[in-house]
Amino acid sequence: MAGFMGTGKSRIGWELSRRLQLTFIDTDRVIERVACMRISEIFELYGEATFRDYETEIVRRVLRLDEVVVSTGGGTVVREENRRLLRSRGPVVVLEASAETVYQRTRRHRRPLLEGDDPLGRIRSLMAARAHAYADAATIRVVSDGRDSMEVVDEVVERLREWNAAPR
């Protein structure tokens, strides 16, 4: 699972893993456990570059596992190496939502990249800057705007079935 922050990767990934009877791994939570600090603290103390290095290492490690649904952080696919690693292990589902939806879903949580006077403008700017990375990473794209999580999971499952049945 990939996509911008607030598109539903953790929620949809967890529900998808239950539906498919697979293990769920959220790379952001793994980073927090390994580092013994919250992501916002990693950004504050060490900066985004260090966080992105942690992220790449965690992606490498979790992709060694079988029968998992992996939910990545919103910026994981910005690094081409991460996109390549994720695509090498199976289909990458990219969740999409409008900037307004992302803002509504994230405004109550501290997000280091959205701090400042205009978080909605920052969301739009980051989404535009990352659009190519999400498009490049995506095997399957699903919109989560205004939809119940189970409806999104149903679509992901159907699209994964179609992907699995397609000749390669």
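Contact here means that heavy atoms lie within 4.5 Å of each other. Helices (DSSP runs of H or I, at least four residues) and strands (DSSP runs of E, at least two) are numbered from the N terminus.

This is a predicted model, in which local features need pLDDT of at least 70, side-chain atom pairs count only at pLDDT 80 or more, and totals for chains, interfaces and linings use all residues. Residues are numbered from 1 along each chain as its sequence is written, and side-chain values use heavy atoms, with hydrogens and water left out.

## How the helices pack

Two packed helices are described by the angle between their axes and the distance between the axes. The axes are lines fitted to C-alpha atoms, for helices over the stretch in contact, and angles run from 0 to 180 degrees between N-to-C directions.

| Helix pair | Angle | Axis distance |
|---|---|---|
| H1 and H8 | about 60° | 9 Å |
| H3 and H4 | about 130° | 7 Å |
| H4 and H5 | about 15° | 10 Å |

To put words to these angles, under 35 degrees counts as roughly parallel, over 145 as roughly antiparallel, 65 to 115 as roughly perpendicular and the rest as oblique.

Let's begin with H4 and H5, which are roughly parallel because of their angle. Their crossing is left-handed, a word used when the near helix is turned anticlockwise from the far one by less than a right angle; clockwise would be right-handed. Which residues in H4 and H5 meet? Thr56, Val59 and Arg60 come from H4, and Glu81, Asn82, Leu85 and Leu86 come from H5. This contact holds three nonpolar, two polar and two charged residues. In that count, Ala, Val, Leu, Ile, Met, Phe, Trp, Tyr, Cys and Pro are nonpolar, Asp, Glu, Lys and Arg are charged, and the others, Gly among them, are polar.

H3 and H4 are oblique to each other. Ile39, Ile42, Phe43 and Tyr46 of H3 touch Glu48, Thr50, Phe51, Arg52 and Tyr54 of H4. Six of these contact residues are nonpolar, one is polar and two are charged.

H1 (residues 9-20) and H8 (residues 149-165) are oblique too, with a right-handed crossing. The H1 side includes Leu16 and Leu20, while Val153 and Leu160 are among the H8 residues they face as part of this contact. Nine nonpolar, one polar and four charged residues make up the contact of H1 with H8.

## Nonpolar cores

A nonpolar core is a set of buried Ala, Val, Leu, Ile, Met, Phe, Trp, Tyr and Cys residues joined through side-chain atoms within 4.5 Å. Buried means under 20% relative accessible area, exposed over 50%, and partly exposed in between (1.4 Å probe, protein chains only).

The largest core has 29 residues, and Phe4, Val77 and Val102 touch the most other members. H3, H4, H5, H6 and H7 each supply at least two of its residues, and H7 gives the most, with six. Leaving aside residues up to four places away in sequence, Val77 touches Ala2, Arg83, Leu86, Ala133, Tyr134 and Ala137. A separate core of 13 residues includes Met1, Leu16, Val93 and Leu95.

## Two loop residues with positive phi

Most residues other than glycine have a negative phi. Gln21, in the loop between H1 and strand S2, has a positive phi of about 55°. Gln21 is exposed, with a relative accessible area of 73%. Glu67 has a positive phi near 55° and lies in the loop between H4 and strand S3. Is Glu67 buried or exposed? Glu67 counts as exposed, at 61% relative accessibility.
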